Amino acid sequence: MTCVKRLFSKGPRSKVAWLIGEALTSCRCFHAELVRHESSALPVVHHSKYVCDLAPSHRFPMGKFPRVLQCLLRDQVITEKQVWVPEIASKDLLSCVHTEDYLDNFINGKISEQEQRRTGFPWSEGIVRRCRYETGGTVLAAEVALQRGLACSTAGGTHHAFPSYGSGFCLLNDLAVAAKYMMDNSPTKRKVLIVDLDVHQGDGTAFIFKEEPSVFTFSVHCGKNFPLRKQQSDLDISVEDGLEDKDYLSTVEAHLPWLLETFRPDLVLYDAGVDPHWEDELGRLRLTDQGLYQRDLFVLKTVVKRGVPIAAVIGGGYSRDIDRLALRHSIVHRAATQVWRECGM
Ligand SMILES: [Zn+2]
């Protein structure tokens, strides 16, 4: 196994080593404490405010966010020292993707009943706060990934949010904000590849970057699933209902390597949604836990071994059984831990 640590921390001035040097010296860092974190293990970004109150009857499994971290700690996949705490995303940061009007209305609770129905959430101060911390978390994961090679958040992947409105449980597009921020805050415009393997198409993200050559959007999704009206990603792979592990994995394996070779990103953002799972309430595909693990391992390892930094977010996953769901979401952190160890990071 190649030791990729050299690529990410010291040794020859590879493209990635240059990027890391840049992150440490000249990048306008969103998080000043970035270089002082003590743990050398896999960085896991989490904030206790990723969660907010929702009516118990609400179908969105809000309780999963703290439970993912609890499950990783309980199973000794990670220790508390590995946890990086993000800042809340400022209005200024969010405005790199979202319109001033939308941010003003969203933050101050001026969202109409009809707009609230489209998002799936009743407006509350708590939900604004959780979305802003979640977005700060994805930005921090991207920053840390540039420095350490790999990082995972315990939330994120709100890919249905558009610049001027929210949709499908997504109010702020954290992936788009992180990609735009990382692209703009470098002397050379960084190229960002967004690998979106949530079962739903990343329509908001595709729309936001449709005219942006420095961001490549790649989405593998179930064609018959939400959203009904798809946007055009740079590469869309629409799959049929009922797809199982083997065919799903060969689809991802057929595209990711050549995308990395041809687009040559400086950073990958990975939406590791678990809603392609057979038990998922909104899915329609038939992946198993093992299939999701193999998928995440393949994506993370393929990217890391090329010396490209990658930040993963958990994406969608729907079940009334929060413990089962949190365990499923923790698959990506488990796969990342294996990659971290095997690749000598
Ligand atoms: Zn989804």
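## Burial and overall architecture

The model is predicted: local features need pLDDT of at least 70 and side-chain atom pairs count only at pLDDT 80 or more, whereas totals for chains, interfaces and linings use all residues. Residues are numbered from 1 along each chain as its sequence is written.

The secondary structure comprises 13 helices and eight strands (DSSP runs numbered from the N terminus, H or I of at least four residues for helices and E of at least two for strands). Among contacts with a separation of 6 or more, 75% join residues 24 or more positions apart; a contact requires C-beta atoms, placed from the backbone, to lie within 7 Å.

## Packing of α11 and α13

Helix α11 (residues 289-305) packs on helix α13 (residues 331-342) at an angle of about 45°, with the axes 9 Å apart. Axes are lines fitted to C-alpha atoms over the stretch in contact, and angles run from 0 to 180 degrees between N-to-C directions. The angle therefore makes α11 oblique to α13 (under 35 degrees is roughly parallel, over 145 roughly antiparallel, 65 to 115 roughly perpendicular, and the rest oblique).

The residues of α11 that meet α13 include Leu 292, Tyr 293, Leu 297 and Val 304; on the α13 side, Ile 331, Arg 334 and Val 339 are among the partners. By class, this contact has 10 nonpolar, one polar and four charged residues (Ala, Val, Leu, Ile, Met, Phe, Trp, Tyr, Cys and Pro are nonpolar, Asp, Glu, Lys and Arg charged, and the others, Gly among them, polar).

## Surroundings of α13

The buried residues of α13 include His 333, Thr 337 and Trp 340. The helix's buried residues pack against β1 (44-45), α3 (64-74), β3 (150-153), α11, β8 (310-313) and α12 (322-329). After α13 comes Gly 344, with a positive phi near 60°.

## Leu 249

Leu 249 belongs to helix α10 (residues 245-263). Leu 249 is partly exposed because 17 other C-beta atoms lie within 10 Å. Leaving aside residues up to four places away in sequence, Leu 249 touches Gly 291, Gln 294, Arg 295 and Phe 298. The C-alpha atoms of Leu 249 and Gly 291 are separated by 7.5 Å, although the two residues are 42 residues apart along the chain.

How values were computed
Two residues are in contact if their C-beta atoms, placed from the backbone, lie within 7 Å. A residue is buried if 20 or more other C-beta atoms lie within 10 Å of its own, exposed if 12 or fewer, and partly exposed in between; C-beta atoms are placed from the backbone.
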